[in-house]
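User: Hi! Could you walk me through this one while I have it open on my screen?

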Amino acid sequence: MLSKLLVKKFVKDYDNTSSENVRNSYGFLAGIIGIIINFILFAVKLASGLIVGSIAVTADAFNNLSDAASSIITILGFKLSSRPADAEHPFGHGRIEYISALIVAFMVMLVGFQFIKTSFDRIINPSPVVFQLLPFILILISVILKIWLSRFNGYMGKAIDSSALKAASFDALGDVVTSSTVALSLLLSKATAFPLDGYIGILVALAILWSGYTLIKETISPLLGEAPDPKLVKTINELVVSYPHITGVHDLIIHNYGPGRCMASIHAEIPCDINIMEIHDIIDKAEREISEKLNMYLVIHMDPISNDSEEILEAKAEVEKIIKYNPLIKSMHDFRIVGEKEKKNLIFDVVVDYNALKKIMSEEELKEKITSDIKDIHPQYNCIITIDPDFM
């Protein structure tokens, strides 16, 4: 596979994709290849468009020129995102990679809007398109090159988990569709005098706009703060509970500061009667080892849980039975009883499917439903319930 050969040739220590230097090398290689191929395609299509007098071919040519500029921005994005942390940005500059992908998306949109205008002018003032075999063959070759470039960027983006390169792969795949449409318009010009060129040009421009919109949607999501990768969530949970005396975890929050730059916090349930120095050493060890293993910064908060009280165990079992049959509730944690005699509070958190909850009832209504079910069995308890939305 040519992609692998290029990586092995030009990326030192290419297997170590967790290394920032290796990630940058992947990004630079992908950018350089993109500049070379897109500039060649621009020159070929521009010449072909001028020879046959096709606005659709010319539009496709300038789309490739914008792709070359996008590759330059991608290289700059990798360069700037690799800058070390400083006083103003204590977690580094990794999100610049997302911003560079966003700039690329806006450039794609700009090209699309420009050629809608140009194609519309061609429909109003049509001019003949002269089919010639050589330009037609060159466009077919460009389609093949774009298919390879899409696969190449996809391979690189997957290897280093780069949204910018994944966006470039998707953009190249969109170019395959547009170039194929342009080739079809040239072929049809042999059979009809109808001014198809302008209409095909609009179709190409709309495809470019759709590609730009999709790229904006995908690249703005991590900037706004998207849900974490379920595999990462599962891995962190499993690693934390693997340490001695940690019986459960909850309230995991992951902040993404760019590819390979994550900070996470999680609550770990521990026995309330354990020696504080012993569990502190265990938590410290877990934070250090998991942070190193997953290449992230992890903070673990200790939640002491009492499991030796017969009253707590009995009340907890009853509440678990109640919430078990509620499809909105996924789990319960931090269960405890506070108070004495007739003034006792059941305090606990429930994790809910928030998307499903908001379609059926409010958080307050859910709390009232759980409280009512509990009071039917234990009227002496007052319930203090916290709703934890689960957006996974």
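**Pockets, pairs and loops**

User: Which element gives the largest share of the lining of the second largest pocket?
Analyst: That would be S1, with five residues. Elements here are DSSP runs numbered from the N terminus, with helices (H or I) of at least four residues and strands (E) of at least two. A pocket is an open set of points on a 1 Å grid over the protein atoms alone, with protein on both sides within 12 Å along at least five of seven lines, and a lining residue has an atom within 4 Å of a point.

User: Before we go on, what kind of model is this, and how are residues numbered?
Analyst: It is a predicted model, where local features need pLDDT of at least 70 and side-chain atom pairs count only at pLDDT 80 or more, while totals for chains, interfaces and linings use all residues. Numbering starts from 1 along each chain as its sequence is written, and side-chain values use heavy atoms, without hydrogens and water.

User: Good. How much space lies in that second largest pocket?
Analyst: About 630 Å³. The closest to its centre, out of 20 lining residues, are Asp 251, Leu 252, Val 351, Pro 389 and Asp 390. Two or more lining residues come from each of helix H8 (230-241), strand S1 (248-256), strand S4 (329-340) and strand S6 (381-390). As for the volume, it is the space filled by probe spheres set on the grid points, which are joined across faces, edges and corners.

User: And how does the lining of that pocket divide by residue type?
Analyst: Into 11 nonpolar, four polar and five charged. Here Ala, Val, Leu, Ile, Met, Phe, Trp, Tyr, Cys and Pro are nonpolar, Asp, Glu, Lys and Arg are charged, and the others, Gly among them, are polar.

User: OK, charges next. How many salt bridges does the structure hold?
Analyst: Four, taking a salt bridge as a side-chain nitrogen of Lys or Arg within 4 Å of a carboxyl oxygen of Asp or Glu. One of them joins Lys 344 and Glu 311 at 2.8 Å, N to O. That pair links distant parts of the chain, with Lys 344 in strand S5 (residues 343-353) and Glu 311 in helix H10 (residues 310-324), 33 residues apart.

User: Are those two buried or exposed?
Analyst: Lys 344 is buried, at 17% relative accessible area, while Glu 311 is partly exposed at 31%. The cut-offs are under 20% for buried, over 50% for exposed and partly exposed in between, using a 1.4 Å probe and protein chains only.

User: What about Glu 364 and Lys 367?
Analyst: Their side chains meet in a salt bridge at 3.6 Å, N to O. Both residues lie in helix H12 (residues 363-377), three residues apart, about one turn of the helix. H12 also carries Asp 373 and Lys 369, four residues apart, whose closest N and O atoms are 2.8 Å apart in another salt bridge. Asp 373 is partly exposed at 23%, and so is Lys 369 at 43%.

User: Last topic, backbone. Which residues other than glycine have a positive phi?
Analyst: Among them are Asp 161, with phi near 55°, and Asn 295, at about 55°. Asp 161 sits in the loop between H5 and H6 and is partly exposed at 49%. Asn 295 is in the loop between helix H9 (276-294) and strand S3 (297-305), partly exposed at 40%.

Key: 1 Å grid on protein atoms, 1.4 Å probe; cavity = no way out; pocket = protein on both sides within 12 Å on 5 of 7 lines; lining within 4 Å.
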